[in-house]
Amino acid sequence: MRTVTRQAMEWLAAAATDPRACKQQWHGESGIAVLACGRFWDVLSVPEDMGMPALDALLCIPQQPGPVLADAAARRIAFFLPPDPEGRWIGSGIRYAGQGAWIAVPAPHRAAGRLRWLVPPDGSGALFVPAAVELALQLALGRRAAQSLTGRRCPTCGASTPGPVIRAD
């Protein structure tokens, strides 16, 4: 097993109540272990349509990225952030998991069922800077809002309209 993968497994497993059992779960039938948030990281989960553009923006900045997990069934993207007991993230579809919360994760070198790493952990402990994630999500939200203005459909016939729908009463 490659050194980076081994380091990543050790880093992730350290968050488990029993690191040895965690590694066995990764090699088991489900390939998934449940790990505690709040000690080594917190997790910010957002809808996929916001998370993917935000990830694209984050990967363009000259900073080592943190781990990013995708849940294909729930259509969500999870960013690993530094632990923050006072962490407050609010917004439509935003979920924040800190101290006392748990997250299901596959081994860093594989996908398991509906879970897969978009950016696997590298074992260095690198995490995303919360302010950078916030800015990337705001950019993604702004792009989504702009697209919704140009891609609206007529409420009567369903045809695409070139701009915002204006109702004449």
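In which element of the chain is confidence lowest, and in which is it highest? Confidence is lowest in helix 4 (residues 130-150), at a mean of 85, and highest in strand 4 (residues 76-81), at 98. These values are pLDDT, the predictor's confidence in each residue, from 0 to 100. The structure is a predicted model, in which local features need pLDDT of at least 70, side-chain atom pairs count only at pLDDT 80 or more, and totals for chains, interfaces and linings use all residues. Residues are numbered from 1 along each chain as its sequence is written, and side-chain values use heavy atoms, with hydrogens and water left out. The mean pLDDT of the chain is 87. A value of 70 or more is reached by 86% of its residues. Over residues 163-169, pLDDT stays under 50. For that stretch the model has seven contacts beyond four places in sequence, a contact being heavy atoms within 4.5 Å. Where pLDDT is low, the predicted coordinates should not be read in detail.

The chain has four helices and seven strands. These are DSSP runs numbered from the N terminus: helices are H or I of at least four residues, strands E of at least two. From the N terminus on, the order is α-α-β-β-α-β-β-β-β-β-α. Of the 169 residues, 37% count as buried. Buried means under 20% relative accessible area, exposed over 50%, and partly exposed in between (1.4 Å probe, protein chains only). Among contacts between residues at least 6 apart in sequence, 73% join residues at least 24 apart.

Five strands form an open sheet in the order 5-2-4-3-7, with antiparallel pairing. Two strands pair if DSSP finds at least two bridges between them. Strand 5 (95-97) and strand 7 (115-119) stand at the edges. Each has a single partner strand, so one side of each is left without a neighbour in the sheet. Neighbouring strands of this sheet are turned by 25° against each other on average, direction ignored. Helix 3 (residues 48-58) packs on the sheet and touches strand 2, strand 3 (68-71), strand 4 and strand 7. Its direction makes about 45° with that of strand 4. Axes are lines fitted to C-alpha atoms, for helices over the stretch in contact, and angles run from 0 to 180 degrees between N-to-C directions.

The buried residues of helix 3 are Met50, Gly51, Ala54, Leu55 and Leu58. They cover an arc of only 125° around the axis, which puts them on the same side of helix 3. The arc is that of the directions from the helix axis to the C-beta atoms.

Strand 4 is mostly covered, with six of its six residues buried. Arg76, Ala78 and Phe80 lie on one side, and Ile77, Phe79 and Leu81 on the other. Strand 4 pairs with strand 2 over six bridges and with strand 3 over four bridges, both in the antiparallel sense. Strand 3 and strand 4 form a hairpin with four residues between them. In the turn, arginine 75 has a positive phi of about 55°. Aspartate 71 stands opposite arginine 76.

Serine 45 is found in strand 2 (residues 42-47). It is buried, with a relative accessible area of 14%. Serine 45 stands opposite alanine 78 in strand 4 and opposite arginine 95 in strand 5. Its side chain makes a polar contact with the side chain of arginine 76 (2.7 Å). A polar contact is a pair of N or O atoms within 3.5 Å; within protein, one must be able to donate a hydrogen and the other to accept it, and residues adjacent in sequence count only if both atoms are side-chain atoms.
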